Amino acid sequence: MASLPSVAVTRTLKLDPDFRKHPTTEKSPSISYQRNQTQTHLDGSSEIRSVDFREALSMIKEGTKFESSYYVPLLQECINKNSVSEAHIVHGHIMKTVTQEDLFVMTFLINVYAKCGSMENAQKVFDNLLRRNVVSWTTLMTGYVHNSQPEIAIQIFQEMLEAGAYPTNYTLGTALNACSSLYSVMLGKQFHAYIIKYQIDFDTSVGNALCSFYSKLGNLESAIKAFQRIREKNVISWTSVISACGDNGEAARGLRFFAEMLTEDIIPNEFTLTSVLSLCCTMLSLGVGAQIHSFSIKLGYMSSLPIKNSIMYLYLKCGCISEAEKLFGKTETFSLVTWNAMISGHAQMMDFAEDDLSAYRSGCEALNIFFNLNQSGMKPDSFTFSSILTVCSRLVAIEQGEQIHAQIIKSGFLSEVVVGTALINMYNKCGSIEKATKAFVEMDTRTMILWTSMITGFSQHGQSQQALQLFEDMRLAGVRPNQITFVGVLSACSHAGMVKEALNYFEMMQKVYKIKPVMDHFACLIDMFVRLGRLNEAFDFIKKNDFEPNEFTWSLLMAGCRSHGNLELGFYAAEQLLKLKPKDTETYVLVLNMYLSAGRWKDVSRVRKMMKEEKLKKLHDWSWISIKNKVYSFKPNDKSHFHSADIYKSLENLLDQAKSLGYESLEALEVTDGDEEKAYSSTAYHSEKLAIAFALLNTPNAAPIRVIKSIFMCRDCHNFVKFISLLTAREIVIRDNKRLHKFVNGHCSCGEFSGLF
């Protein structure tokens, strides 16, 4: 968009003398033209007589003369067909007749070109008008606003004032819409001042435009005040204020306005209902959403695709799969929005699933819907690709991701920033930093988010030097980093144990870029000290920076103290963690193991009691893999699998081979029914070990193995997989619920982080 022109509305506004006596309604500026029982408005909302468009064009080409009223339905047909070329034909005939002196027809022609996206032609028609009125000026302004050229619309408004034309309420509403598009608070307030001066802020169209203007600029209270001053609120007024609440994070307030609207006997339109359904999605309010569904049926709106899409998305987001699929199955005509709603809805369900296995199934269903979309012949857009790539990231489905990458290149969407970012994130989260790097290099445009994604990817894969070098390249390119960028940078320093560099970047973030540190930054530095065994420095850093550590930070400190043998500090960290009363079962298990290993049975009993009081679910260890688009899941010591005999035999063989190379198995502590007893359980048959053994039996020799695990990896499994990657020369990627582990030739990308647990 071009920069805002140096335009200030300084001329005294002159309004139509009768304007305040007869305020107009919300309709577009229009002139009724009555000839041969045909009435036409500039907004195209009127009834026009039936005409054979092609026959009329043939008659025009033959030079047949018509009355001016005959051109209007032809021009309306050009709008309906979005045909500039046919508008040119009609325009040419008009110029050969006296019709060009008809201001209504010529103004309608401006409207035609504007709605067909040809503002150059619209401007030429306007410039050649023999005379102009406020409708002509406003039509041209509206065209520039709708064609994403709001700065020119403001210039046209200025020219209108200088020409002595009288703006109407619709003219001012169009000017405010231009200010909204320009995000210009100052200019919008100038228009608001003139509106107040002439006491027309009560007018419906003006009030609606003011409400939308302030909403778009994030000033919800001013938007609501503008709405409240409207004397005759119509459905657009109510829809504007409801949408304003949703756009500014006040979903509950928006629903209250909707309830008030119904008490005023205002019948909602489809835009109102889609806005309300969006609020229900934000609040996960299934009850209200179901009522809106029923209300939509009663009002006869269920043939509206946007409403159907909104209801489907709500049901999916609230976990009501069967209801969404039932609605989807009854839909006869699909739009791309329908497919996108189903894909993104299943993707959203992955975040709200009860367990990781349910999330995995939702993701697989999203991939299936994407496949059906391709089979339908409809082409995905950038939103589709970014959504499905996010699903592939969560599923560690790199094979499907690669296929989608090829489709993106073929479709020409690789240059879209949102798609490129999703693609790089997908490769990073699937453990392929090489393919992420290749995709990054191929990007024509690199935004701050794209740079940050790549820096974070290098950091997560233990390639600290590459991450820091890329950060310096980013700075040289003139791209300003944000908070998340520095999380990636500090994490890279932590992985490499680069204390001096980390503290320098931490200082740079605050002094050079004026970014206030948040918990993630502090956690990276504490992680660095813990990895190096410098535990006292980690605690001193907390005191020095005066911040309250969160659950993750205390868990990190506690595990680090246990790993490095500093039980005194470990017990202190454990007590601080328990004060936060975490809802995460894994956190309590870590604390429990801390006390178990030290034989502190009273503390063991206390923690177990807290777990019962918090009604925490039992910790379920699941791992699963996908081979040839089929999912195989495993749980510890599971012998119910139909290949269990082969799996266990293979695993026993792997354990023997690993031991010959120096692997020593560790046993896990467990609490028995007696609070003052401790027992050891074997870790030999943990779920990820079974999954890897199965993958080795059922995949080609050189194929990478990718496993998803529901909980964090224990130290024993982490050590074992390092040896297996060395024995088999396989790349093994395991993503637990904490981080990604990429094992290659006996080394892990996490930098031995799992050794802390």
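Modeller: Two strands pair if DSSP finds at least two bridges between them. Helices (H or I, at least four residues) and strands (E, at least two) are DSSP runs, numbered from the N terminus. The structure shown is a predicted model, in which local features need pLDDT of at least 70 and side-chain atom pairs count only at pLDDT 80 or more, while totals for chains, interfaces and linings use all residues. Residues are numbered from 1 along each chain as its sequence is written, and side-chain values use heavy atoms, with hydrogens and water left out.

Colleague: How many helices and strands are there in the protein?

Modeller: The protein has 36 helices and ten strands. Among its contacts (heavy atoms within 4.5 Å) with a separation of 6 or more, 66% join residues 24 or more positions apart. Of the 757 residues, 53% count as buried, where buried means under 20% relative accessible area, exposed over 50%, and partly exposed in between (1.4 Å probe, protein chains only).

Colleague: In what order do the six strands form the open sheet?

Modeller: In general, strands of a sheet pair through backbone hydrogen bonds, either parallel or antiparallel. Here the order is β4-β3-β7-β8-β9-β10, with mixed pairing. The edges are β4 (630-634) and β10 (747-748); each has a single partner strand, so one side of each is left without a neighbour in the sheet.

Colleague: In which sense do β3 and β7 pair?

Modeller: Strand β3 (residues 623-627) and strand β7 (residues 705-709) are antiparallel, paired over two bridges. Across this pairing, S623 faces K709 in β7, and W624 stands opposite I708. With β8, by contrast, β7 runs parallel, and four bridges join the two; in that pairing V707 stands opposite I734 in β8.

Colleague: Which residues of β7 point one way and which the other way?

Modeller: In a regular strand the side chains alternate between the two faces of the sheet. In β7, I705, V707 and K709 point one way, R706 and I708 point the other way, and all are buried. Since five of the five residues of β7 are buried, the strand is largely enclosed by the rest of the structure.

Colleague: Which helix lies across β8, β9 and β10?

Modeller: That is helix α36 (residues 715-728), which lies across β8 (732-735), β9 (740-744) and β10 and runs at about 35° to β9. Axes are lines fitted to C-alpha atoms, for helices over the stretch in contact, and angles run from 0 to 180 degrees between N-to-C directions.

Colleague: At what angle do the axes of α11 and α12 cross?

Modeller: Helix α11 (residues 220-228) and helix α12 (residues 235-247) cross at roughly 165°, their axes coming within 10 Å. This makes α11 roughly antiparallel to α12; angles under 35 degrees count as roughly parallel, over 145 as roughly antiparallel, 65 to 115 as roughly perpendicular and the rest as oblique. The crossing of α11 past α12 is left-handed, that is, the near helix is turned anticlockwise from the far one by less than a right angle (clockwise would be right-handed).

Colleague: Which residues in α11 meet which in α12?

Modeller: From α11, L220, A223, I224 and F227 meet S237, W238, V241, A244 and C245 in α12. By class, the residues of this contact are eight nonpolar, one polar and no charged. Ala, Val, Leu, Ile, Met, Phe, Trp, Tyr, Cys and Pro count as nonpolar, Asp, Glu, Lys and Arg as charged, and the others, Gly among them, as polar.

Colleague: Is C245 buried or exposed?

Modeller: C245, found in helix α12, is buried, with a relative accessible area of 0%. Leaving aside neighbours within four places in sequence, C245 is in contact with L220, E250, A251, R253, G254 and F257. Of these, L220 is 25 residues from C245 in sequence and 6.8 Å away in space, C-alpha to C-alpha.

Colleague: How far apart are the axes of α13 and α14?

Modeller: The axes of helix α13 (residues 251-263) and helix α14 (residues 270-283) are 9 Å apart, and the helices pack at an angle of about 145°. Their contact has ten nonpolar, three polar and no charged residues. The crossing of α13 past α14 is left-handed.

Colleague: Where is Y183 placed?

Modeller: Y183 is in the loop between α8 (169-182) and α9 (185-197). Its phi is positive, about 55°, although Y183 is not a glycine; at 53% relative accessibility, Y183 counts as exposed. N745, in the loop between β9 and β10, also has a positive phi, near 50°, in a residue other than glycine. At 47% relative accessibility, N745 counts as partly exposed.
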